[in-house]
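This report describes the fold, the sheet, the helices and the ligand shell of one protein model. The sequence and structure are shown first.

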Amino acid sequence: MNKTVIAHDASEMEEIGVELGSHVRSGFLVSVIGQLGAGKTTLVKGLARSLLITDVVCSPSYLLARNYTGRSGTVLHHIDAYRVASLDALAEVGLDVYLPPEAGVSVVEWPDNIDGLVEQSNIVVRIRVLENEAREITITQGEA
Ligand SMILES: Nc1ncnc2c1ncn2[C@@H]1O[C@H](COP(=O)(O)OP(=O)(O)OP(=O)(O)O)[C@@H](O)[C@H]1O
Ligand SMILES: [Mg+2]
């Protein structure tokens, strides 16, 4: 799945997340890169919906990670590395086991804060803020 698309608003961004969900499978690590407020969590909401997760997905910022189990049986590990400076820091709180995950799907916001994580990802999503509410989303298959 290598492509560039435009989301004109948050609901279109969520739909792109839904579509992305049909391209992930257990063991996948997905990096989502983009500035503050770019729409990373919005995309993850759509991805969660495609895995039949009915919980409300919100930013894990303060918890660093949240796990959701969907009716599809797939677990989604949503990790926010905004406040994380290294893999060691994540290992201290036991989150390194999700990078990559043994089972389920890991989605990481701010993966660029952790050396080598983007390169290790199966899918990399880059979000660029255009004018107004528009965002350009580039999805690339594993750089590993
Ligand atoms: N095209 C768009 N795509 C996504 N979000 C949009 C778009 N246009 C406006 N928004 C709004 O921008 C905000 C994006 O918030 P969101 O939490 O998804 O960003 P984020 O990249 O996860 O931010 P953070 O860096 O704080 O984690 C939401 O309020 C959303 O409604
Ligand atoms: Mg976010």
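## Basis and overall fold

For the angles given below, axes are lines fitted to C-alpha atoms, for helices over the stretch in contact, and angles run from 0 to 180 degrees between N-to-C directions. The model is predicted.

The secondary structure of the protein consists of four helices and seven strands. The C-alpha trace spans about 40 × 35 × 30 Å along its principal axes.

Of the 144 residues in the protein, 38% are buried. When contacts between residues at least 6 apart in sequence are considered, 64% of them join residues at least 24 apart.

## The sheet

Seven strands form an open sheet with mixed pairing, in the order β1-β7-β6-β2-β5-β4-β3. β1 (3-7) and β3 stand at the edges with a single partner strand each, so one side of each has no neighbour in the sheet. From one strand to the next, the twist averages 20°.

In general, strands of a sheet pair through backbone hydrogen bonds, in either the parallel or the antiparallel sense. Here, β3 pairs with β4 (residues 75-80) in the antiparallel sense, over five bridges. Within this part of the sheet, threonine 69 stands opposite valine 75 in β4.

## Helices against the sheet

α1 lies across β1 and β7, and its direction runs at about 150° to β1. α2 also packs on the sheet, where it touches β2 (29-33), β3, β4, β5 and β6. The direction of α2 makes about 165° with that of β5.

Nine of the eleven residues of α2 are buried, so this helix is largely enclosed by the rest of the structure. The buried residues are Lys40, Thr41, Thr42, Leu43, Val44, Gly46, Leu47, Ala48 and Ser50. They pack against α1 as well as β2, β3, β4, β5 and β6.

Valine 125 is found in strand β6. It is buried, with 25 other C-beta atoms within 10 Å, where 20 or more are required for that class. Leaving aside residues up to four places away in sequence, valine 125 touches Val30, Ser31, Val32, Ile33, Leu43, Ile137 and Ile139.

One of these contacts, isoleucine 137, is twelve residues from valine 125 along the chain, and the two C-alpha atoms are separated by 6.7 Å.

## Backbone features in the loops

Most residues other than glycine have a negative phi, and most peptide bonds are trans. Which residues have a positive phi without being glycine? Leucine 52 is one such residue, with a phi of about 60°, and asparagine 132 is another, with a phi near 55°.

Leucine 52 follows α2 and is placed in the loop between α2 and β3 (65-69). With 13 C-beta neighbours inside 10 Å, leucine 52 counts as partly exposed. Asparagine 132 lies in the loop between β6 (123-129) and β7 (135-141). Asparagine 132 is exposed, having 8 other C-beta atoms within 10 Å. A cis peptide bond, with omega near -5°, leads from leucine 99 to proline 100. Proline 100 is in the loop between α3 (87-92) and β5 (105-109).

## The shell around ligand 1

Which residues come nearest to ligand 1? Of the 17 residues around the ligand, they are Met13, Gly39, Lys40, Thr41 and Glu133. By class, the shell has six nonpolar, six polar and five charged residues.

α1 (10-21) and α2 (40-50) each supply at least two residues of this shell. The largest share, three residues, comes from α2. Lys40 and Thr41, named among the nearest residues to the ligand, are also among the buried residues of α2.

How values were computed: Residues numbered from 1 in each chain as written. Chains lettered and ligands numbered in written order. Predicted model: local features only at pLDDT ≥ 70, side-chain atom pairs only at ≥ 80, totals over all residues. Near = placed C-beta within 6 Å. Nonpolar A, V, L, I, M, F, W, Y, C, P; charged D, E, K, R; others polar. Buried ≥ 20, exposed ≤ 12 C-beta atoms within 10 Å, placed from the backbone. Contact = placed C-beta atoms within 7 Å. Pairing = 2+ DSSP bridges.
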